[in-house]
Amino acid sequence: MASLVGSRVERKEDKRFLTGKGRYTADINLVNQTYAIFVRSPHARASIKKLNIDKALKSSGVVSILTGKEIADEKIGGLIAGWAIRSEDGTEMKCPGNPPLAKDNVNFVGDPVAVVIAESLAEAKEAAEKVEVDYKVLKAVTSTADAMNGDTIHEGIDKNLCFDWLLGDRQKVKDAFDKADKVISIDIINNRLIPNAMEPRACVADYNAASEEITLYTTSQNPHLSRLIMSAFGNVAPEHKLRVVAPDVGGGFGSKINVYNEDIVCSWAAKKINRAIKWVAERSESFLTDIHGRDHVTHAELAVTKDGKFLGFKNETIANLGAYARVFGTVTPTYLFGPCATGVYEIPAAYTNVKAVYTNTAPVDAYRGAGRPEATYTIERLVEKASMELGIDKTELRIKNFPTAFPFKQTLVHTVDSGDYVAGMEKAKQMADYKGFEARRKESEGKGKLRGIGVTSYFEACGIAPSAAVMSLGCGVGLWESAEVRFNPTGQVTVYTGSHSHGQSHQTTFAQIAADELGVPIENIDVVHGDTDKGTFGMGTYGSRSLAVGGIAIVNACKKIVEKGKRVTAKMLEANPEDVEFKDGEFIVSKSNKKKTIGEVAFACYLPGVRDEMKSPLPEGDEPGLKETSFYDPSNFSFPAGTHIAEVEIDPETGHVKLEKYTACDDFGRIINPMVVEGQVHGGLAQGIGQALYENAEYDETGQLMTGSYMDYTMPRADNFPEFNIGYTCTHATTNPLGVKGCGEAGAIAAPPTVMNAVIDALGGQEVTMPATAEKVWKACKNLKKSNVKAA
Amino acid sequence: MKDFNYHSAKDSKEASKLASSSSAFLAGGMTTIPSMKLGLATYKDLIDIKNIKKLSGIKVSGKSVTIGAATKHVEVSNSKDVKKAIPSLSSLAEGIGDPQVRNRGTIGGSIANNDPSADYPSACIALNATIHTNERKIEAAKFFKGMFETALKKGELIEAIEFQIPEKSSYQKHPNPASRYAIVGVYVAKHKGDVNVAVTGAKSCVYNDKEMSKALSGNFSSSSIDGMDLDSSEMNTDMHASAEFRASLVVTQAKKAVDAC
């Protein structure tokens, strides 16, 4: 039987999605349901003097109006940060309370203060307009760089500082810098982004008075985790009385990891009114209240010798958390950022210091890449600048500092098990025709255009993560994953996974894995996810963990099935279990022609007996049925890596940046389905290039979101991109049985510095911030002209 | 969105009769509907004019191209007649919004709305258009009064726009990367006597740049406007472009347009 792993199996999901039969949360309508509209703060920072719902209550169709007072009275818990970070001075991080409905203070535009529940959406909207809130508007803090100098947002949190965290050794770094021939330094901003999943957030909450169970349908990347948080911290219902279902989910990119205010409020309120409640975000609510991403201000330095060896690295970053610390809000700018900031290089001494600050903006949390794009941007912009200042070719300088052997013990935390960075670089150069660039630059010059080339070599730590390691660093949960593989008596297989697919194609790729492991045709395998009533538990999908953690749990559960199958076969065929081999769906007794198919074994496990004989196929100690569970805890992160090369052409008259070529050469380890991987790479690149050239979330000084719609927030479109040139090198991960590493975030991690390095190369080394908009580039072109005139 | 009455008029007369101080004509609804959904506009009556046959269609004579007010952008961009008579008008229509907008939005709706960043008003100015309403004919130069303001009176309905066929013309847009409206759009048209340089996006309302028109009427070459330093004091500044950048873009796009003629 040919292996399905590695082949371009068509997506099982496509038929339903392409024929409009996907079932998203907003498609779910329950009998007698009501509609919720949230009354939100129009101010970035204010205290609530008075909230009057009398008029609104009289509005037609209103069923109930609930406010922060009821939430507080009933001790319905707030939203939490899932990772405790300790400051350099040993103090614990400082987190404000974050009630699902604000009672006394609002801290960003969109912070909800009340929910209006009515018979129809129109009536809910109309009544919401009649809720009177008397705010005392306070001065907002919006700037990342200046947040520590602003008014105190949360009582008792001085300088708006959540923590001041250090990873690394300052003294070692100082010594390294003392020995340096040259210090390269850079000041950069990692611009704030809005995730913009195609499907806006939504939830439908239902209460069954008979079973006293709440069911919440919601747009989540991790329904079990949501249930845990809502139960343990939200006090909504005990876990066994709360079912969370995340059906088809249309993109998440990290924005749907969090439990949101609306999930808690609707679940709690559905029980109160004993009716189902539906809430669907409008796009403007998504802009305002979905978690945002990135938003760092960084000063970094690299100490080098004159021949280009890296000696030391410093990274001083201010990270904006927004108004509150959320689930991955505190780990994203620390353990997902600092350890990766030294990149793919051997740097003997390094430290990363992060000051995480609160501002009156939407909460910032994990967004595709989460910390690793920020890390890669820092080191790769710095290395590119070093190459310019040292006059060493950008690819040679990188190769000079690559590790020479694996496992590669990184400066700060990670031990990278496998990789071949030189091979990736060489292949990328070849794919991009790096050698031919100077000729292309001249050709562009002939047309009055500026051409630049940019390189990034990256690695990332994904497949999160070994539980003991992350919990020792402050994580509130273990990051294992579970799988259950269940045979039916007639031989089909259902795989329950704790991973969640919101675009990742698990129904196909996980089925490919199970098909190979069990020798069952892929059409006889269903992958089920997204429902806390189905499957044991799950930590969900983020951090490129589904395959490297969730996929391995499936493999391990399948292996347990095979082990039982061997024992059963041995009993049935009167052989020793050690003599039974399993191959392509058949259990064969070695050195004989005796065998059983896995279907026959499954059948026997469920119907363990034969007519006219007192005989069981089950060996002593084995129970009937064929179902196995695995909880897989990885022994290490996985470390995809690669080199990307971009070429841009700039029109100095308009500042327009045209991305001419983009080459991505990645090492994702073993690839399960190349077609799915290409899709992931394309999507990641689109978001990464979007950050570099187009996307930017901008608040004014009063805390109003200036980019609150697609009229002003530039989502990249297909015509902004060239045909992507994609290739791979492959070194297998040594820490998991499939040898896989993960591919979901790589594009978003590598693309921003790759594109910006190209833009800055074209601009003669002049810094421009992301996104490199036409006006910024036009101004830089004017400066270039001036300096050229001077030079002449 | 608040409740409203929907009417579908069968001819201009009925449409005009239904109009009141709290009504709006509905063509493609590309601005009206979102404004209502966002609560920025409320109307008691929406009078749909899409089904008025007389308002759709394209006629080309030796001297002019006349386009019915309810003609969709996609119909203009796909029209072989328009492509032949005024190719720049066809390509302007092709560059409006996205396919969804082009398949619903209409030329009459665009100019009646007179968004300062819309594309069509520049075509009207550059191509010496005459706006035919159910009451009168208005010269384009007198039609566009200010930001979202036109010479239309309440109940007055645009029926068609008549464009003069130029000797040469080109429209060059520097689009807002997000909305793809014009940050600056310049429509250059060389007629027998003179050259029009209609600019959209740069100021609060579309205008004919006299300085460039004069220079190009004397010598129709991009070199005659190269390096021209336009006064930016009345130009728009927003997060996507400063007045200074817009002033520079007006010249750049005008040069591109002349070179493309």
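Mentor: Two strands pair if DSSP finds at least two bridges between them. Keep in mind that this model is predicted.

Trainee: What holds paired strands together in general?

Mentor: Strands of a sheet pair through backbone hydrogen bonds, either parallel or antiparallel. Now take a case in chain A. Three strands form an open sheet there, in the order β22-β23-β24, and the pairing is antiparallel.

Trainee: Why is one side of β22 and of β24 of chain A left without a neighbour in the sheet?

Mentor: β22 (580-583) and β24 (595-597) of chain A stand at the edges, and each has a single partner strand, so one side of each has no neighbour in the sheet. On average, neighbouring strands are turned by 20° against each other, direction ignored.

Trainee: How many bridges join β22(A) to β23 of chain A?

Mentor: Four bridges join β22(A) to β23 (residues 586-589) of chain A. One bridge partner to look up is A:Val589 in β23(A), which partners A:Val580.

Trainee: Which helices pack on this sheet or lie across its strands?

Mentor: Helix α15 (residues 546-573) of chain A lies across β22, β23 and β24 of chain A, at about 130° to β22(A). Helix α16 (residues 598-606) of chain A touches β23 and β24 of chain A. Its direction makes about 80° with that of β24(A).

Trainee: Is helix α6 of chain A mostly covered or mostly open?

Mentor: Count neighbours: a residue is buried if 20 or more other C-beta atoms lie within 10 Å of its own. In α6 (residues 223-232) of chain A, eight of the ten residues are buried, so by this cut-off the helix is mostly covered. Among them are A:Leu225 and A:Ile229. The buried residues pack against β10, β11 and α7 of chain A.

Definitions and conventions:
Residues are numbered from 1 along each chain as its sequence is written. Chains are lettered from A and ligands numbered from 1 in the order in which they are written. This is a predicted model: local features need pLDDT of at least 70, side-chain atom pairs count only at pLDDT 80 or more; totals for chains, interfaces and linings use all residues. A residue is buried if 20 or more other C-beta atoms lie within 10 Å of its own, exposed if 12 or fewer, and partly exposed in between; C-beta atoms are placed from the backbone. Helices (H or I, at least four residues) and strands (E, at least two) are DSSP runs, numbered from the N terminus. Two residues are in contact if their C-beta atoms, placed from the backbone, lie within 7 Å. Axes are lines fitted to C-alpha atoms, for helices over the stretch in contact, and angles run from 0 to 180 degrees between N-to-C directions.
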